[in-house]
Amino acid sequence: TKLISKAFSGLVALVVSVTLAFGQAAQRPNIIFIFSDDHAYQGIGAYGNKIAKTPNIDRIAREGALLTNNLVTNSICGPSRATLLTGKYSHLNGYKRNDRTKFDTSQTLLSETLRKNGYQTAWIGKMHLNSLPAGFDYWNVLPDQGHYYNPEFVGQPNDTTKYTGYVSDLITQFATGWLEKRENDKPFFLIVGHKATHREWMPALEDLGAYDDVTFPLPSTFYDDYKGRKAAADQDMTIDKTMRMKLDLKVGVDYETDFLYKRLNSEQKKVFKAYYDKVSKEVTDKNLTGKALVEWKFQRYLRDYFATANSLDRNIGKLLDYLDKSGLSKNTVVIYASDQGFYLGEHGWFDKRFIYEESLKTPFVIRYPGVIKPGTKVSDLVVNIDWAPTVLNIAGVKTPSDMQGKSFFPLLKANRAAQIPWRKEAYYHYYEFPQPHHVHPHFGLRTSRYKLAYFYGGADSWELYDLQKDPKEVSNIYGTKGTETLTTDLKTKLKALMNEYKDDEALQILATAKP
Ligand code: SGN
Ligand code: CA
């Protein structure tokens with residue numbers, strides 16, 4: 001009998017595991033990762049913005065989950081994208097800056113891991129990794145930053161085609177086109193990389209003037225004096241000094257010779273010219289100077305930025321509609337995220353890079369019908385190293401050992417009465433210096449309440465913020481009375497994070513950092 005019962009339990013185990021494996025295979029969802037560029041969370045309806053029209057991003061959030069503390073490891077484009085693909089910090093995946101570094105495609109990649117596990121993979125739109133997509137069955141990507149109007153796309157194997165039209169529309173067209181013709185017998189993973197809302201914020205023709213009736217409120221830190229913050233005082237990213245009247249705000253453009261505008265066709269030029277000639281005339285007639293001029297620039301910047309976001313959101317809507325109509329919605333996970341956050345005038349800035357909230361945090365919403373409860377909010381410290389492990393987890397694939405992040409899928413599904421162990425400190429390290437925008441390299445950590453950062457490369461200074469008392473980060477309390485124990489504790493934690501993530505270069509800098 002012993003033998004029979006052993007054989008019987010063995011058989012049960014086999015049947016259970018086969019059923020599980022099949023059950024899982026049958027349920028494996030499709031995953032679409034909509035990945036925009038420089039889209040600030042504070043510019044999205046679901047994140048509390050009352051002016052922005054982002055009904056489709058808001059819809060994903062409403063029907064799924066919204067992350068309020070999704071941080072990035074290094075707040076610029078290429079590095080964030082390299083982290084999405086590798087689940088690793090920049091110092092380990094090799095992509096620290098947006099320079100001409102070739103992305104090392106021989107390392108373990110999210111795309112290739114999914115492909116090996118039976119997924120069809122595709123990247124359509126902006127990629128910005130100075131290499132061709134690796135681990136993708138299909139691609140049609142923008143070379144480098146790509147163009148808003150009549151952009152070139154690089155298809156397979158490496159052929160460049162120029163298309164007429166607006167970039168967000170073309171990307172959606174290519175994405176739905178691929179969905180139409182893909183092999184139906186496999187689940188898919190599709191990255192839809194958008195160029196919007198990157199500088200120079202060129203809206204689609206139909207969105208020009210969409211926010212002309214609005215006066216955007218000046219952020220309370222717009223006239224920041226950067227007191228006690230050496231690196232913040234030393235940047236080159238203010239609306240006042242850095243933002244260009246012609247190239248960024250389209251004042252006085254020559255549509256026949258200026259690089260970005262001469263690529264428009266005659267119809268596009270006509271519509272652009274009619275709109276921006278009025279803008280140019282307005283500012284010339286007013287003859288503004290000082291505060292009046294910088295505030296005018298701020299209004300113009302946000303009008304263009306938000307109008308550009310309209311096309312992004314509308315195209316997300318088109319994709320959601322396609323999923324509904326084709327019956328794919330039910331079994332397709334939809335994620336919307338940006339590669340990093342962005343300044344919409346806070347501290348007087350545009351661009352990103354700093355460890356401060358607006359650029360450290362990025363929007364992230366996710367919908368998984370039947371699995372994630374509509375209206376879920378997650379405030380835990382998620383980092384973009386967790387994106388790859390989470391996508392793999394959703395696909396039923398184990399996280400490869402060299403990925404540094406952790407799946408936050410349990411946080412999305414959880415009955416939050418149950419405590420799920422999660423990180424209490426998140427690590428950050430930014431490198432690109434001095435150009436563009438002259439932001440000193442720095443590392444630091446963020447806890448739910450505090451932030452500690454060290455700027456090196458000449459700025460050589462510490463900053464400490466109590467986000468509860470000072471959410472706008474204008475009061476650097478490093479070295480002030482009463483913060484000694486807190487500082488020592490945070491420095492210990494910072495060092496532990498550097499060890500955990502194997503950031504040897506940072507450990508060396510920390511060892512010789514100023515007190
Ligand atoms: C360009 C922009 C910068 C921007 C970087 C990186 N200048 O160089 O303002 O910071 O891209 O952006 S521009 O004159 O070309 O618009 S990122 O999103 O790719 O990291
Ligand atoms: Ca970006």
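Helices here are DSSP runs of H or I with at least four residues, and strands are DSSP runs of E with at least two, each numbered from the N terminus. The structure is a predicted model.

**Exercise 1. Helix α13**

Task: Work out which residues of α13 are buried and where they sit around the axis.

Solution. 

Step 1. Start with the helix itself. α13 covers residues 484–500, which is 17 residues. The distance from its first C-alpha to its last is 24 Å, close to the 24 Å expected at 1.5 Å a residue.

Step 2. List the buried positions, using under 20% relative accessible area as the cut-off. In α13 they are L486, T487, L490, L494, L497 and M498. These residues span an arc of only 105 degrees around the axis, so they lie on the same side of α13.

Step 3. Turn to the other side of α13, where T485, T488 and T492 are exposed.

Step 4. Find the cover. The elements over the buried residues of α13 include the strands β13, β14, β15 (450–455) and β16 (461–466), together with helix α14 (504–511).

**Exercise 2. Strands β13 and β14**

Task: Determine how many residues of β13 are buried, how many of β14 are buried, and which strands are joined to β14.

Solution. 

Step 1. In β13 (residues 426–430), five of the five residues are buried, so this strand is largely enclosed by the rest of the structure.

Step 2. Sort them by face. In a regular strand the side chains alternate between the two faces of the sheet. One side of β13 carries A426, Y428 and Y430, the other Y427 and H429, and all are buried.

Step 3. Repeat this for β14. Five of its five residues are buried, so β14 too is largely enclosed by the rest of the structure. H442, G444 and R446 are on one side, F443 and L445 on the other, and both faces are covered.

Step 4. Trace the pairing. β13 and β14 (residues 442–446) run antiparallel and are joined by five bridges; Y430 stands opposite H442. β14 is also joined to β15 by five bridges, again antiparallel, and G444 has A453 in β15 as its bridge partner. Three residues separate β14 and β15, which form a hairpin.

**Exercise 3. The calcium site**

Task: Identify the protein donors of the calcium ion (ligand 2) and describe how the donor atoms are arranged.

Solution. 

Step 1. Read off the protein donors: D37 (OD), D38 (OD), D339 (OD), D339 (OD) and Q340 (OE1), at 2.2 to 2.8 Å from the ion.

Step 2. Check the angles. Six donors count as octahedral only if opposite donors are over 155 degrees apart and all others between 65 and 115. The six donor atoms around the calcium ion (ligand 2) subtend 49 to 179 degrees, so the arrangement is irregular.

Step 3. D38 is in the loop between β1 (30–36) and α2 (55–63), and D339 is in the loop between β9 (332–338) and α10 (357–360); the pair links distant parts of the chain, 301 residues apart.

Step 4. Check burial. D38 has 1% relative accessibility and therefore counts as buried; D339, at 0%, is buried as well.

**Exercise 4. T197**

Task: Locate T197 and list what is in contact with it.

Solution. 

Step 1. T197 belongs to the loop between β8 (188–193) and α7 (230–233).

Step 2. Its relative accessibility is 0%, so T197 counts as buried.

Step 3. Set aside neighbours within four places in sequence. T197 is then in contact with D37, D38, H39, Y148, Y305, T308, A309 and L312.

How values were computed. Residues are numbered from 1 along each chain as its sequence is written. Chains are lettered from A and ligands numbered from 1 in the order in which they are written. This is a predicted model: local features need pLDDT of at least 70, side-chain atom pairs count only at pLDDT 80 or more; totals for chains, interfaces and linings use all residues. Side-chain values use heavy atoms; hydrogens and water are left out. Buried means under 20% relative accessible area, exposed over 50%, partly exposed in between (1.4 Å probe, protein chains only). Two strands pair if DSSP finds at least two bridges between them. The expected span of a helix is 1.5 Å times one less than its number of residues. The arc is that of the directions from the helix axis to the C-beta atoms. Contact means heavy atoms within 4.5 Å. Donors are N, O and S atoms within 2.8 Å of the metal (3.2 Å for Na, K and Ca); water is not among the atoms, so sites may look incomplete. Four donors count as tetrahedral if all angles lie between 85 and 135 degrees; four count as square planar and six as octahedral if opposite donors are over 155 degrees apart and all others between 65 and 115; anything else is irregular.
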